[in-house]
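Please read each one with the model open beside you.

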Amino acid sequence: MAVWNLGAAAVLAAVMLWAGAAPAWAQRNPYIGYIFPAGGKQGAMFQAVLSGQYLDGITNAVVTGGGVEGVVVEHIKPLNGRQLTLLRDRLRNMQQGLATTPKTNPVVSFVSEFNTNVIERLDRAALEKEMNEIRRKLANPKNQRPPNPQLAEDVALRISIAPDAAPGRRELRVRTAAGLSNPVTFYVGELPEHLEVEPKANPTELGATVSLPVVINGQILPGDVDRYRFKGRRGERLVLHVQARQLIPYVADAVPGWFQATVALYDSRGKELQYADDYRFHPDPVLYYELPADGEYVIEIKDAIYRGREDFVYRITAGAVPFITSLYPLGGPVGQTTKVALKGWNLTQTTLEVTPDAPGIQWLRLKGDKLESPPVPFAADTLPEMEETEPNNALRTAPGVTLPAIINGRIQSPGDVDVFAFEGRAGETVVAEIMARRLNSPLDAQLRITDAQGRQVAFNDDHEDKATGLNTHHADSYLMLTLPASGRFFVHVSDTQNQGGPEHAYRLRLSAPRPDFELRVVPASLNVRAGGSVPVTVHALRKDGFTNEIKVALKEAPKGFVLSGGRVPAGTNLARLNLTAPALETNALISLVLEGRASIGGREVTRLAVPAEDMMQAFYYRHLVPAQEWLMAVMGRAPARAAAPARAANPSPKK
């Protein structure tokens with residue numbers, strides 16, 4: 001008999017050969033479903049698990065912002081029937097060899113699973129190590145038909161975060177033989193982090209003890225309820241800020257299309273003190289509560305309808321941490337200082353002075369004792385601004401507004417209606433637009449325009465803004481009206497559900513149309529062979545009736561990159577283009593920028609395209625979710641396939 005000494009690596013290589021794996025050039029784009037934990041503390045090194053599909057040849061993780069590295073420890077794919085049979089045969093043969101070899105013999109002989117005429121020999125330590133490795137692979141539940149094929153493959157990553165890495169939201173991709181994956185959210189934090197351990201020995205246990213402030217990382221698996229204990233002090237203003245949907249915005253094959261987390265706080269006797277299943281219109285809950293006494297408390301998190309799956313990943317920031325619940329006004333004029341009043345928990349100040357230098361949304365944060373508050377949006381504009389004055393809930397008390405203007409106001413109480421008057425001419429086009437929900441206000445706005453006799457001439461409740469890809473209830477109102485006559489008109493602002501309160505703030509724009517556009521470019525990760533082309537889709541988000549053609553082009557792209565068909569035709573909302581890479585392979589990732597140019601009112605306007613992912617929610621709805629970078633991987637040319645043998649045009653007849 002021949003004697004072989006194959007190691008585990010050789011066996012696994014043979015197993016992969018039997019699998020008939022497709023070559024790298026034939027694979028689909030790599031995909032990440034989730035990463036757990038979805039963040040870590042500055043200066044930390046830890047192991048994370050990433051699940052997805054088409055991850056063959058994975059080499060490393062790529063994280064935006066710098067200071068974070070991800071090294072691949074292991075890639076685990078589900079085994080097919082042939083692979084499982086080979087490993088089971090090898091394990092059985094090893095067990096038989098171990099049972100028949102005297103314990104005094106340091107080398108164990110056993111029959112090869114490939115050929116009964118071949119005997120393999122391994123020392124006991126190596127044999128037992130390989131047996132344990134085989135058992136681990138066979139125990140992988142994904143070897144059976146996985147319930148979620150898009151999460152079929154697992155990758156262990158060793159994440160290293162530099163001590164000076166900037167805190168905040170990042171995006172993580174992985175690089176494989178087939179290129180870059182889609183981006184997923186990853187946070188760099190400043191607080192200590194706790195990692196949940198699964199499976200639990202007792203599902204009803206109160207869970208691990210944590211010390212506040214802390215970030216708790218966990219997963220809600222099928223039938224799961226997670227609990228954590230902590231010691232609290234009387235008067236401590238506790239905030240539990242859950243991030244779940246913020247980590248994975250949309251799940252294609254689950255209803256409502258995300259992990260609907262709930263969080264509850266219990267005292268040491270099991271009495272529920274506070275519960276939250278959302279935060280206003282955000283699915284991710286925020287719970288704030290002033291602790292009544294010193295003692296032990298329990299945090300509980302679960303899915304609202306008791307679902308569970310491995311991509312139901314969460315982060316809970318827990319402690320007396322700063323959290324802004326509302327601000328007023330919601331915006332201010334460019335180039336001028338606006339004094340903003342803040343409300344919230346554990347804030348070190350109640351006002352903030354903001355001086356925007358450009359129109360658009362900027363994000364405000366407030367530094368607390370331990371860390372910054374989560375960011376809140378603040379809108380800046382170039383139009384004149386004013387603030388509402390009460391009473392203004394009837395035609396006779398409606399203040400006059402000179403157009404154009406932005407009015408900062410609040411629906412102060414349930415049933416409140418704010419009314420504003422303006423003078424208009426017949427045939428004049430006027431836009432009335434509310435920004436509230438897009439600025440984190442709970443207001444579900446409703447707009448109504450009446451004439452001087454009180455007759456309604458226009459009405460709107462909800463208006464979809466595709467630029468806000470995380471909104472699923474577009475509750476801000478919008479009207480573009482051609483005035484039917486000259487005279488005095490009245491704009492009525494109210495809440496559709498008759499809610500109200502100091503936090504129900506809004507910005508009302510009254511102006512002539514301001515035609516404009518935004519661009520989204522999909523996908524956010526591109527993979528192309530050297531000299532090859534890849535399709536991209538450009539979405540035009542048109543505003544205030546803008547219909548002109550938009551020319552799109554790469555901005556300051558490296559030499560050799562060519563974008564063909566670079567325009568969004570007039571009156572259309574998307575264009576499918578081709579991006580060609582130079583015929584030179586590179587290991588470096590290419591950061592690309594796309595810009596659009598259009599003529600608006602006789603002047604050329606330039607807008608940068610925001611990279612985005614076209615994500616599906618709950619089997620049907622689609623959303624453009626913005627990404628931080630537009631990245632491309634340029635790989636080597638695909639290997640040439642062997643030519644098929646030539647066939648005679650007129651084969652000779654058989655003799």
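How many aromatic pairs does a search of the whole structure find?

1. The search of the whole structure, which is a predicted model, finds 8 aromatic pairs. A pair of aromatic rings is described by the distance of the centres and the angle of the planes, and two of the pairs are described in this way below.

2. Tyr279 and Phe323 form an edge-to-face pair, with 5.4 Å from centre to centre and 85° between the planes. This pair links distant parts of the chain, since Tyr279 sits in the loop between strand S18 (272–276) and strand S19 (286–290), while Phe323 belongs to strand S22 (residues 323–328), 44 residues apart. Tyr279 and Phe323 are both buried.

3. Phe517 and Phe546, in turn, form a stacked pair, with centres 5.6 Å apart and an angle of 20° between the planes. Phe517 is part of strand S37 (residues 516–522), whereas Phe546 lies in the loop between strand S39 (533–543) and strand S40 (550–554), so the pair ties together parts that are 29 residues apart in sequence. Both Phe517 and Phe546 are buried.

4. Please look next at the open sheet of 3 strands, in which the order is S23-S27-S26 and the pairing is mixed. Strand S23 (331–333) and strand S26 (360–364) are the edge strands, each pairing on one side only, and neighbouring strands of the sheet are turned by 30° against each other on average, with direction ignored. S26 and strand S27 (residues 376–381) run antiparallel and are joined by 5 bridges; Trp363 has Pro377 in S27 as its bridge partner.

5. Helix H2 (residues 81–100) has 20 residues, and the distance from its first C-alpha to its last is 29 Å, close to the 28 Å expected at 1.5 Å a residue. Asn80 caps the N-terminal end of H2, with a side-chain oxygen 3.2 Å from the backbone nitrogen of Arg82. Several residues of H2 are buried, among them Leu84, Leu87, Asp89, Arg90 and Met94.

6. Is Thr397 buried, exposed or partly exposed? Thr397, which is found in the loop between strand S28 (385–387) and strand S29 (405–410), counts as partly exposed because its relative accessibility is 28%, and partly exposed covers what lies between the buried cut-off of under 20% and the exposed cut-off of over 50%. Leaving aside residues up to four places away in sequence, Thr397 touches Pro391 and Asn392. The C-alpha atoms of Thr397 and Val419 are separated by 7.9 Å, although these residues are 22 residues apart along the chain.

Terms used:
Residues numbered from 1 in each chain as written. Predicted model: local features only at pLDDT ≥ 70, side-chain atom pairs only at ≥ 80, totals over all residues. Heavy atoms only, no water. Pairing = 2+ DSSP bridges. Helix = DSSP H or I, 4+ residues; strand = E, 2+ residues; numbered from the N terminus. Axes fitted to C-alpha atoms, helices over the stretch in contact; angles between N-to-C directions. Buried < 20%, exposed > 50% of the residue type's maximum accessible area, 1.4 Å probe, protein only. Contact = heavy atoms within 4.5 Å. Expected span 1.5 Å × (residues − 1). Polar contact = N/O pair within 3.5 Å; in protein donor to acceptor, adjacent residues only side chain to side chain. Phe/Tyr/Trp six-rings, centres within 6.5 Å; stacked < 30°, edge-to-face > 60°.
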